[in-house]
Every structure is written in structure tokens, then in C-alpha cells.
Amino acid sequence: MDAVVLQNVTKRFDSIVAVRDLSLRVRQGAVFGLLGPNGAGKTTTLRMIMRILLPDEGSIEVFGEPASDRTQDLIGYLPEERGLYPRMKVREVLVFLAGLKGLSEKEATRRIHQWLERLDLAPWAEKRVNDLSKGMQQKAQFIATVVHKPSLLILDEPFTGLDPVNAGLIKDLMLELREQGSTIILSTHRMEQVELMCDSICLINKGQSVLDGDLRAIKQSFGKNTVRIEYSGDGDFLNQPALIENLNHFGAVVEAKLRPGADPQEILRLAVARGVRITRFELVEPPLNDIFIQKVSETHA
Amino acid sequence: MRKIWLVMKREYLARVRTRSFIIGTVAFPLMMIGVIALPAILLRHQSAHTLKITILDQTGEMAARVTQGLDQKLPNGEPAYQVVKTVQEPSDEDEEKLRAELRAQVNQGKLDGFLVIPKAVLEGDSATFHTRNPGDLEFAGAVRSAVREAAIAERLEERGLQIDNVRDLVGGVEVTLVKVTKEGEVEEKGQTLATALVMMVVLYVTLLVYGLATLRSVLEEKTTRMSEVLVSSLRAFHLLVGKLLGVAAAGFTQYLIWTISAALVAAYGGLVASAVRPGSSIPHIVLPISTLVYLIIFYLGGYFLYASLYAAAGAMVSSDEDAQQVQMPLTVLVLLGYMMFIVVMRNPNSTLSIVLSMIPFFAPILMVLRIVLQTPPLWQIALSIGLIVLTTTGILYVSAKIYRVGILMYGKRPSVVELWRWLRYT
């Protein structure tokens, strides 16, 4: 069974089509990346899965049943714009939100106590949300998202505003929840995280799916058309517009995207001919970042 | 239902814990007690002393009678007023000088006032009383009636009647008002008016205060970005209903506290007042149970009507500045209903009053006023309630649509055209 299935979903706001004929499947137990440039329709799509918005056309299923008030309780949603009642106590606001997800007050209190301990927030339980730092508020919000043990977790930019330590903590918790069987939909602009965490992705642009499927398969389908090079000496040998479509400098490493049909051997030959010392020369799959940019600019054209 | 209950509970607790709620709840009864007790206390502690006046009498005949008319005693037995000097028929020159002198004395505090009686006072020229403190109504009143009585005595004498004590002659004959109701007759001592006014002010203030509280609550959820988290757990409509109920419950709590303290004041306030100052009483506020029930029904109707509108207004905006603008028309609407009380008070059963008290936006205030003044036929009350319920349902339906879209919208305030589009979103 799939965790989420969207079939030919369309959502309009006046004359603007926010999501157009979008179909996608999220396998149960997967970490699914929903990607796209700003304004692509990601948030609208997530809100429709959450049943905050209703689609104009098409259907949405969550764990095999049409999205409803009941499926809402199976999902934990961390919106991009975070917020907790600033004047309420941390424990109170969390018990309230857990109650809205169907937990009894007693059960909610017990679990929240554990979570607060775990995220080092226990001393702050009786403090007002206002008195917490931004990072602590983020962690409290994460507790609100997961406290009812949701089968599906929808996280919109979960790492923004977190320092590396806390970002790592949240990442570990996400993976732990997946171990326990939760499905995760991750919406983010940070491609390196998607590459590290996601099994499958859907890239949408202007409300339409432009790329979707298993991440490994997608990368393979783009072929090993990128050369990762480490060298010392004059970098002039890379100045080959006939062979190289695009260059990405990362300081120590250069990634060169080859033109279709270009022979990587040719670049190696040119480097050797100019006396450049090569310490690494590797044919790799394109980074997701490049795929993203390529796909998005294609659909813009 | 459980979710609505949770939202309601949270909203209620958030309201009643605010400082403004506690202050408002406690301050109002204290104010009422103050209004009753303070004048009595102040009057009691007023340092009573004999007030000195001088009379400039151009007629040469009136001064003696006026002096006689001012013969009153303070509670401690001292004379209340003392005419220190009387000047009969001064020449114009002298009078100019005298007046300047008397003004100086008044300013120095040696004299409390001086009275000028013109020659043609009996023909209608007005006497003038010069004092530093025209706010002392008792003083001015005493002088005024002394002059009047003196003038009356003069006129009677001109017609050949010799009267020693005019006050006995012109002494009042009371007309007691009796209010006729279906239940019988009640002596009217201003309690109907007092009750009507108090109820109207309470309704007006609470409709505004709790309407605005609803707006603030919606706006706060928007600005703190709570809205999206909430609607990912329950329907926007349920959230709205829970919120309205929560604020209503807070209002109800306040009403309850006020009613109880009002009842206590009614029961014991008179005792307090007469203990502080023997003989004083308070205007009795009479609130039969049926009226109280109507008050609650109309308050709730009016509250849900206006609060739904205020909630929609709050959902439309995302800043305090814009909130000020959108709440204006609603506040004016409440105020309008309040201001039309004069029409209804004059004639509670005129066609205009009946029509006004049927308009759902005004009915909460005006129908209650009519019920207090002159209970209208039951069908009119029922129709008015029915219309409020219908209108509120319609408004709640439209407001919920605006609310649902609005709480996720940020930035510019929507135009009317945009609002119309919001209503048609699925």
C-alpha cells in the first residue's frame, strides 16, 4: 500500500493554477523528497494532502483511503512557517496540540514529558513559549509534530534556523521514526540533504511534475556525464566549451558537466599535454543540484 | 466535537487569564459600589461651614425677604448662610465701586458670593449671583429659590395678599409615577430608566469588547503563524466555532460575576449607603428573572452575530494597522444600535421602534431596551430572536469561508473583489 497517492490533482486560485494535473505516489516507509523552486506549488500540494485545502480536481488518498478529517490525525505536519502560542506555557501548548490530534490529556502529558527530556527542553516545560530561543521553539514544534506517532510525517524545510547540532538531532529523530515505520515527506531546497536522506523524489515546477521516481534511478538515467577532477597547476585546460557544458568550482574539486557525446578522455589528454598534475579524475552521476537546475530551466524555456 | 471543545477550553483559559479580563471583571462591580458609596462618603466628610454673601438690592425691598429665605441650618446647628451686608438702592457710581470691591473679596475668599437684584426683577429682569464656585449646586440652588420666593411674596403683596411664609405656599405637591404592567402596578422611582440604561451600556460595552477580543484572537493566531498548525488538525470551521464559544464563555463568566455582585449591591447596597449617610438611598435596579433570561439570549445572539463578523475581519488582515481599518465599520454598526436608544426610549411601541428592534444588527440592544421599558408582545420578541438566529447563521456561513481562506493569507488587505473570490474557493 502506498502512503500517499495523488491522482490528476489540480488546484486553482482565481486565474492562477497552483497545481496542474499532478500525480504522485509515496511508498510506505519511504523518505520522499518534494522539490521545486519557490512558488512551484509545493506548499499547496502539502496543504492538500493535509486537507487544509481541497483540490478542485483529482483525488488524494492517504493510506488507501480518501483524505478526510480522519486521515488528518494520521499525519504530523511541520509547516514552513512555524508558530506556537507565544503566551502559553510550553507544556500546555504541546498538550493542547496533541489533544487536537486525538491524544488524551493524560497520554499526551506522559509522552510530552519524555520528548521534552529527550530534546533537553524539560527545564523549560513551565516557561512561556516567548521565553524560549528560536532554536528551542523549533524543537518544541517538532515535538508537536511527532507526539501522536504519526504514520506519515510531512516536514516543510525542517532544518531552517537550526544550528548544526540541533539539525543533526532532528535528522537522527527523523531516521529513527522511519525505522519505526513512519513515512516521511520532506520538502526542502537543500539538495545535499535530499541526496543523503531521500529514497525517491518528485520535482515540480509551475505546479506540474517534471521529474519523479526513485532517486538512484533518476540519477542513473542522467548517466555518468560529469567528471570530478582534482588537480594542481594551470586550470586553463578546462576552458573547452566544445567539450564542457558547465563548470562548477568547489575550491579543491571541479565538477565538469560534459556535452552530449563528448569524450572525457579528451580532457585528460589536454591536461596531460599542458603538464597539469591530476590527482583525481572520476566519472560520476550528476549531483541533484544540477539535475534540479537543468530540469527547472528546461521547463522555463 | 472533542476538538471544538479543546479549542474552546484553550480560548476560554487564555481569555480569563489576561490582566484586562481580571481588571475588567473586578473593576466594574467596584465601580458600581464606588458610584453608590462615594457621594455619601464625600458628603459626610464635606467640611460644612457658614457661607457668607452680600446682597446688592436695587429695589430696596427684596433683600429682607431673601435673607429670610436663606435662613437654613447646617447639620451641626450653625446657620448655613449668612448675609453679611445688604446695600439698598446704590447709585450707579457706588455700585461700580462696590462690585469691584466685592469681586476682590470673593477672590480673596472673604466672601463666598454676592447677589445683585435689579430694579425690574419683578418684571422679569434676572438677578445675578456672583460666586467663585458655580459648581456648588446646593449653594446656587438655595440662593435661587430664596430670590424666587421673595419675588413671589412681593407680587402677592402687590395684589393685596400678606403672606408670612411663602415656602409653605409654594411647597411641592408630588406626583408619583406608577408603571402599569400585565403583572400589576409598580411604583416608579426611576428604576425602569436606570435598569434600561445599565443594561444598554453593559450590552454595548460587552458586544464591542468581546467582538474585538475575537478579532484580536484570530489576528494573533495569524501573526504567530499558529493558524496553519491548527487547521492541519481540525477544520477551520470547527476552529472558528470553538473560538467563538470560548470567547462567549469568557464573556459569560464576566456577566455572572457582575450579576452576582449587582445582586449583592441591590441587596446590601442600600444598607451600606444608609450606614454611611443616614437617609440616603440608591436607585434600585430591578431585574426580573424573565428580563435576565432575555438579556442573556439577546447578548448571546448579538455576540455570535458580531463576533462572526469580527472573526472574518481578523482573518482578512495581517497587521494591527489594517485591523484598525476593518473593524471600524463593525464598531460603527454597534454604536449605531446604541445611539438609536433615544428613539425607542421616547416611544417603545411606535412603528419605528418596532422596526428598529427587528433589525438583527440593532435588535440585541434595542429589543432588550423595549423589554425593560414596556414589554412588547411575545411574537415580536420571538420574531426578533428568529431573525437574529437566521442572520447569524448566514453570517457565520460567509464568515467561515472568509476565515478559512484568510487565516492562510498574508500581506495586503483583500479588496471586495478578492473577498468575493475567496467565497467561491472550494
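Two strands are taken as paired if DSSP finds at least two bridges between them, and strands (E, at least two residues) and helices (H or I, at least four) are DSSP runs numbered from the N terminus. The model is predicted: local features need pLDDT of at least 70, side-chain atom pairs count only at pLDDT 80 or more, and totals for chains, interfaces and linings use all residues. Residues are numbered from 1 along each chain as its sequence is written, with chains lettered from A and ligands numbered from 1 in the order in which they are written.

In chain A, four strands form an open sheet with antiparallel pairing, in the order S12-S13-S11-S14. Strands S12 (244-249) and S14 (277-284) of chain A stand at the edges with a single partner strand each, so one side of each is left without a neighbour in the sheet. Strand S11 (residues 226-232) of chain A pairs with S14(A) in the antiparallel sense over seven bridges. Within S14(A), A:Leu283 stands opposite A:Val227.

The contact between the chains, with two residues in contact if their C-beta atoms, placed from the backbone, lie within 7 Å, takes 20 residues from chain A and 15 residues from chain B. On the side of chain A that touches chain B, the elements giving two or more residues are helix H2 (69-72) and helix H3 (90-100) of chain A. H3(A) gives the most, with four residues.

Chain B comes to 16 helices and six strands. Among the contacts in chain B with a separation of 6 or more, 74% are accounted for by residues 24 or more positions apart.
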